[in-house]
Amino acid sequence: MTNLYDFTVKAQDGTDISLSKYQGKVLLVVNTATGCGLTPQYEGLQNLYDTYHDKGFEILDFPCNQFMNQAPGTADEINTFCTLNYQTTFPRFAKIKINGKEADPLYDWLKSQAKGPLGKHIEWNFAKFLIDQNGNVVKRFSSKTEPEKMVTELESLFKQCP
């Protein structure tokens, strides 16, 4: 795989979605959980989405239950929680695994493109990957990086856009 657009992932309803549908956009790929101490980051993520969506920004939310079972529930339950509690409107996908032998190929590729504090291993919920308009990983942010701290990197990608 050469860039993000080569991958197909599962939508919340289990149907396949080609990530090529996001070609030309700045993306933030995030593994999330509804029962985590970092769950309030949903508010900051939604603020980024509201601010930059009209400029061609998307957040791709991948719920993950690999860290202390902090993303329990069905896809519908997770979506309802996020919508009601944080008014999220960005795309949310089916629950996936991001570490280990059963890791989704998308996350294997993301981790190979940008190492984090634990090397290629994702350290916790809310690890973030910033993707440019060409589908390349620009930067990996740790779980503890608040969405507001990514504005400079985001804005620099929009300045590069013709």
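The model is predicted.

**Exercise 1.** Find which residues of helix 2 are buried and which are exposed, and state how the buried ones are placed around the axis.

Solution. 
1. The buried residues are Ile78, Cys82 and Tyr86.
2. These three cover an arc of only 30° around the axis, so they lie on the same side of helix 2.
3. In general, an α-helix has 3.6 residues a turn, so residues three or four places apart point the same way.
4. Asp76 and Leu84, on the other side of helix 2, are exposed.

**Exercise 2.** Describe two of the 10 aromatic pairs found in the whole structure.

Solution. 
1. Tyr42 and Phe90 are stacked, at 6.3 Å centre to centre with 20° between the planes.
2. Tyr42 is in helix 1 and Phe90 in the loop between helix 2 and helix 3 (105-113), so this pair ties together parts 48 residues apart in sequence.
3. Both Tyr42 and Phe90 are buried.
4. Tyr107 and Phe129 are edge-to-face, at 6.1 Å centre to centre with 80° between the planes.
5. Because Tyr107 lies in helix 3 and Phe129 in strand 5 (residues 128-131), the pair joins parts 22 residues apart in sequence.

Note on methods. Residues numbered from 1 in each chain as written. Predicted model: local features only at pLDDT ≥ 70, side-chain atom pairs only at ≥ 80, totals over all residues. Heavy atoms only, no water. Buried < 20%, exposed > 50% of the residue type's maximum accessible area, 1.4 Å probe, protein only. Helix = DSSP H or I, 4+ residues; strand = E, 2+ residues; numbered from the N terminus. Arc of directions from axis to C-beta. Phe/Tyr/Trp six-rings, centres within 6.5 Å; stacked < 30°, edge-to-face > 60°.
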